Amino acid sequence: MSGGFRGGIHPHDKKNATNHKEFLNLPIPQRCFIPLQQHIGAPAKAIVKAGDHVEEGQLIGSSDGFISADVHSSIPGRVIEIIDHLTIYYRQPTVVIEAEGQFSASAMPRDPDDWGTLSGSEIISRIKSSGMVGLGGAAFPTSVKLSPPPEKKIDTLLVNGAECEPYLTVDDALMRKFSLEIIEGTRITMRALGVKKAVIGIEDNKQGAINAMRNEIRSANPPEDITVKSLKTRYPQGAEKQLIYSILGRIVPSRGLPMDIGVVVQNVGTVFAIREAVVFKKPLFERFITVGGDLIGKPGNYKVRIGSRISDIIEECGGLKGAPVKIVVGGPMCGLSVHSMDIPVVKGTSGILFLSDKIAKGGPYLPCIRCGKCVKACPMGLLPCELGNAAENERFDLSGELNPFDCIMCGSCSYVCPSHRPLSHFIKVSQQKITGRAV
Ligand code: SF4
Ligand code: SF4
């Protein structure tokens, strides 16, 4: 077992409510709200207009620039309008589609393609055409991540199955149910990168997933250099830099990228979807998410169409047992609080949590008492208390000297602070002030 990054915390994982449930398909929503920017980079350009009929999986937004991603229709139907609609960050152009017609793309029988005959560049081309982005939450376009510059020599693919955020169990469930598909997706990704070695990292609180993946590798024919590494359960084990250090002992340089040290990291959900994109030429128009928290009627792991709104999800998941004080998109540590039920599921949505005041305690924060707990918890060796004080006093000249851009926004510092100081929020503000833009 491995997992020796510095700092980190051990919050209650709260995974019991969903981690042994079968996947369920949520019904198709009557209307889908599909934003043209669901990824890091330039928004896609709409190539449909109001009144157009679209098929399920049809391209409706074309990627615009090197770092961008195509966007597809999640349902067959008619484009009602293209409006500025609320997403988790801000309002942005969104294609609204009303369902009508046949569900051909998901219902049709598919003959798998023999990806073994495809070159690395042909695989990357199929991944790009599918609109694939990282499904762990970062939503970086996958075809770009798999195309490092020639001077960056990649030797290892890491498949991230750590799923260290409390509540979220969708990756765990995927690994237990679809181990064969994830191993095949890993091989496809290895071929795209031209690497001979892959390691799948899984926290040791997911023994079923570890066993399933190891059994699959054992029965692989011919055997390849794919191994499973059991990792200590410790948040944020699934953060890229911590995962790389825990598995390979390599350190990503300050403000550098994994490719600088020969590594590409892909989430298990992304690897699963890569297989579907390459073997079945399936665009990314649906994904698995965890719906959880103490207020949702039927917590579980669900397959959901991109563009389904939170209100659709609530209705199909048993309704709410009370008024939530917090709705979180993503996990409780790194996710974002939202205030509208109209916000749609996008490619990077790993979960939606509905939390009562028993779980999500609000209230004012207090001054720093210099206890040092945040410093001990920070996995990046930063001084969150000093960063927080500087930001609170608007001394962004001081923040800049404290390496705020090394912060991975894991929220460990805020979690342990006895004064409930919103430290990661302060650091985000510092980053924005220093760069003069949202980051
Ligand atoms: S300063 Fe950043 S990296 Fe360090 S614990 Fe806080 S959020 Fe995590
Ligand atoms: S944990 Fe909170 S109170 Fe303690 S040093 Fe850090 S900011 Fe100050």
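How far apart do the C-alpha centres of domain 1 and domain 2 lie? The C-alpha centres of these two domains are 30 Å apart. The structure is a predicted model.

## Domains

The domain assignment of the chain places domain 1 at residues 115-279 and domain 2 at residues 373-435. Seven residues from domain 1 and seven residues from domain 2 take part in the contact between them. On the side of domain 1 that touches domain 2, three residues are nonpolar, two are polar and two are charged.

## The parallel sheet

An open sheet is built from four strands in the order β11-β10-β9-β12, and their pairing is parallel. Its edge strands are β11 (226-231) and β12 (263-267), each of which pairs on one side only. On average, and with direction ignored, neighbouring strands of this sheet are turned by 25 degrees against each other.

Within this sheet, strand β9 (residues 156-161) runs parallel to strand β10 (residues 197-203), and six bridges join the two. One residue pair can be named here: Thr156 has Lys197 in β10 as its bridge partner. Helix α6 (residues 207-218) packs on the sheet and touches β9, β10 and β11. The direction of α6 makes about 165 degrees with that of β11.

The loop between β11 and α7 (240-248) contains Pro236. A cis peptide bond joins Tyr235 and Pro236, with omega at about 0 degrees.

## Helix packing

Two packed helices are described by the angle between their axes and the distance between the axes. The table lists two such pairs.

| Helix pair | Angle between axes | Distance between axes |
|---|---|---|
| α2 (residues 120-129) and α5 (residues 179-193) | about 115 degrees | 7 Å |
| α4 (residues 170-177) and α6 | roughly 35 degrees | within 8 Å |

The crossing of α2 and α5 is left-handed. From α2, the residues Gly120, Ile123 and Ile124 meet Ile188, Arg191 and Ala192 in α5. By class, this contact of α2 with α5 has four nonpolar residues, one polar residue and one charged residue.

Helix α4 also passes α6 in a left-handed crossing. Asp172, Met175 and Arg176 of α4 make the contact with Gly208, Ala209, Ala212 and Met213 of α6. The contact of α4 with α6 divides into four nonpolar, one polar and two charged residues.

## The antiparallel sheet

A further open sheet has three strands in the order β3-β5-β6, and the pairing is antiparallel. The edge strands here are β3 (45-46) and β6 (71-72), each pairing on one side only. Two bridges pair β3 with strand β5 (residues 59-62) in the antiparallel sense. In this pairing, Lys45 has Ser62 in β5 as its bridge partner.

## Ligand surroundings

Which residues are the closest to ligand 1? They are Cys378, Cys407, Cys410, Cys413 and Ser424, out of 16 residues that surround the ligand. Helices α13 (412-416) and α14 (423-435) each supply at least two residues of this shell. The most comes from α14, with three residues. By class, the shell around ligand 1 holds 13 nonpolar and three polar residues, and no charged ones.

Ligand 2 is surrounded by 16 residues, and the closest are Cys368, Cys371, Cys374, Cys385 and Cys417. The elements giving two or more residues to this shell are α10 (373-377) and α11 (384-392). Of these, α11 gives the most, with three residues. The shell around ligand 2 divides into ten nonpolar, three polar and three charged residues.

The loop between β17 (351-355) and α10 holds Arg370. Although Arg370 is not a glycine, it has a positive phi of about 55 degrees.

Terms used:
Residues are numbered from 1 along each chain as its sequence is written. Chains are lettered from A and ligands numbered from 1 in the order in which they are written. This is a predicted model: local features need pLDDT of at least 70, side-chain atom pairs count only at pLDDT 80 or more; totals for chains, interfaces and linings use all residues. Two strands pair if DSSP finds at least two bridges between them. Axes are lines fitted to C-alpha atoms, for helices over the stretch in contact, and angles run from 0 to 180 degrees between N-to-C directions. Two residues are in contact if their C-beta atoms, placed from the backbone, lie within 7 Å. A residue is near a molecule or strand if its C-beta atom, placed from the backbone, lies within 6 Å of it. Ala, Val, Leu, Ile, Met, Phe, Trp, Tyr, Cys and Pro count as nonpolar, Asp, Glu, Lys and Arg as charged, and the others, Gly among them, as polar. Domain bounds come from an automatic or database domain assignment. A crossing is left-handed if the near helix is turned anticlockwise from the far one by less than a right angle, and right-handed if clockwise.
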